[in-house]
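Biologist: Before we discuss ring packing and sheet order, could you show me the model?

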Amino acid sequence: WRFEFMSEVGVDAGGLAREWFELVSKKLFDPDFGLFLPSATNQMAMRINPDSELACPEDHLIYFRFLGRVMGKALFDGQLIAGHMVRHLYKHILGWPVMFEDLEIPDEEYYNNLKSLLDLDNVEDLCLNFTFTETAFGVNRDVELVEGGEEIDVTNDNLPEFLEANFKYHLMDRVKPQLTELLLGFYDVIPEPLLTMFDFQELELLMSGLPEIDVDDWMANTLYQGQFERRGAMHKSCQWFWEVVREFDHAERAKLLQFTTGSSGVPARGFSVLQGNDGNIKKFALSGIRKEQSLFPRAHTCFNRIDLPCYSSKEELREKLKIALATSVTGFDIE
């Protein structure tokens with residue numbers, strides 16, 4: 001592809017292509033355009049708008065097919081796009097299995113509500129059935145999660161099927177036409193088998209680029225909790241943590257940011273405006289825990305928090321942190 005801007009004099013030697021990919025992708029990912037919406041837990045991670053047809057009634061699927069081709073071409077040419085997506089969309093592109101936990105990032109409140117059903121002695125007391133109530137522009141409508149779902153009551157016996165039906169609807173069926181066009185557009189440029197060498201974190205970094213992470217800004221906008229609350233940044237474990245982060249290369253820092261917030265994107269105004277699951281400012285937090293609670297660092301992306309065990313040495317901290325970052329790709333939780 002070669003690019004030329006109308007009413008502008010310029011020869012495409014690379015600069016025009018970079019600008020074109022940035023401008024087009026920024027417009028398509030803009031929530032005001034109607035194709036995407038910010039996720040509940042991370043305002044920088046975009047999810048497909050299930051009501052995109054209302055924003056672009058005649059051509060919303062054409063735009064998704066076009067965006068897929070733009071993303072594929074950008075990856076093929078080594079260009080960057082100006083947008084980050086929620087984790088399960090990268091998994092769809094790669095053909096990876098999507099898990100129930102992937103529902104937490106786009107809709108953390110609903111994920112927790114579903115998860116809480118597992119703790120009930122008798123779920124039938126809630127009088128649920130296999131439907132989901134959607135609200136669009138103030139109008140409610142009931143969607144059957146399975147055929148005849150309105151007539152099927154949720155019981156302790158069929159609760160696993162109810163959770164699976166909800167998970168499949170929210171992450172796949174609800175946006176199936178848009179997702180299908182996005183994937184077809186991407187595969188028009190890059191065949192799916194060529195993507196097997198990547199994981200979803202690497203794919204995000206390749207498509208959206210390695211962020212410039214200012215460690216000083218990150219440190220200045222960090223809260224200390226748990227075992228670290230009294231001494232804060234002066235706690236030996238915190239000092240080791242920041243020393244290890246400074247020793248990381250750009251890719252490792254980006255993966256640490258993904259591990260913590262669910263996205264490698266850094267807010268334009270820095271870590272001081274990092275947002276939480278409710279859209280309000282929720283700064284990065286380091287929470288000290290005992291090693292008896294967890295052998296490895298664990299992340300809470302809804303709260304931009306890392307639970308960091310109090311290790312006995314900097315070397316042990318570095319080793320355990322790197323293992324946690326590596327295994328977070330698989331979806332396994334090491335305890």
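**Aromatic pairs and a sheet**

Biologist: Are Trp-218 and Phe-284 buried or exposed?

Modeller: With buried meaning under 20% relative accessible area, exposed over 50% and partly exposed in between (1.4 Å probe, protein chains only), both Trp-218 and Phe-284 come out as buried. This is a predicted model, in which local features need pLDDT of at least 70 and side-chain atom pairs count only at pLDDT 80 or more, while totals for chains, interfaces and linings use all residues. Residues are numbered from 1 along each chain as its sequence is written, and side-chain values use heavy atoms, with hydrogens and water left out. For Trp-218 and Phe-284 the answer is therefore, by the definition of the cut-offs, buried.

Biologist: Where in the chain do Phe-100 and Tyr-111 lie, and how many residues apart?

Modeller: Taking helices (H or I, at least four residues) and strands (E, at least two) as DSSP runs numbered from the N terminus, Phe-100 belongs to the loop between helix H4 (87–94) and helix H5 (108–116), whereas Tyr-111 is in helix H5. The pair thus links distant parts of the chain, at a separation of 11 residues.

Biologist: Why is the pair of Trp-218 and Phe-284 classed as it is?

Modeller: The ring centres of Trp-218 and Phe-284 are 5.4 Å apart and their planes stand at 70 degrees, so the pair is edge-to-face. Trp-218 in helix H9 (residues 215–220) and Phe-284 in strand E7 (residues 284–289) are 66 residues apart, so that distant parts of the chain are linked. Because of the 70 degrees between the planes, the class is edge-to-face.

Biologist: What is the strand order in the open sheet of 4 strands, and which residue is the bridge partner of Thr-222 in E7?

Modeller: Two strands pair if DSSP finds at least two bridges between them, and the 4 strands, with mixed pairing, take the order E6-E7-E9-E8. Strand E6 (222–226) and strand E8 (298–300) stand at the edges with a single partner strand each, so one side of each has no neighbour in the sheet. E6 and E7 run parallel and are joined by 5 bridges, and in E7 the bridge partner of Thr-222 is Phe-284.

Notes: Rings of Phe, Tyr and Trp (its six-membered ring) pair if their centres lie within 6.5 Å; planes under 30 degrees apart count as stacked, over 60 as edge-to-face and the rest as tilted.
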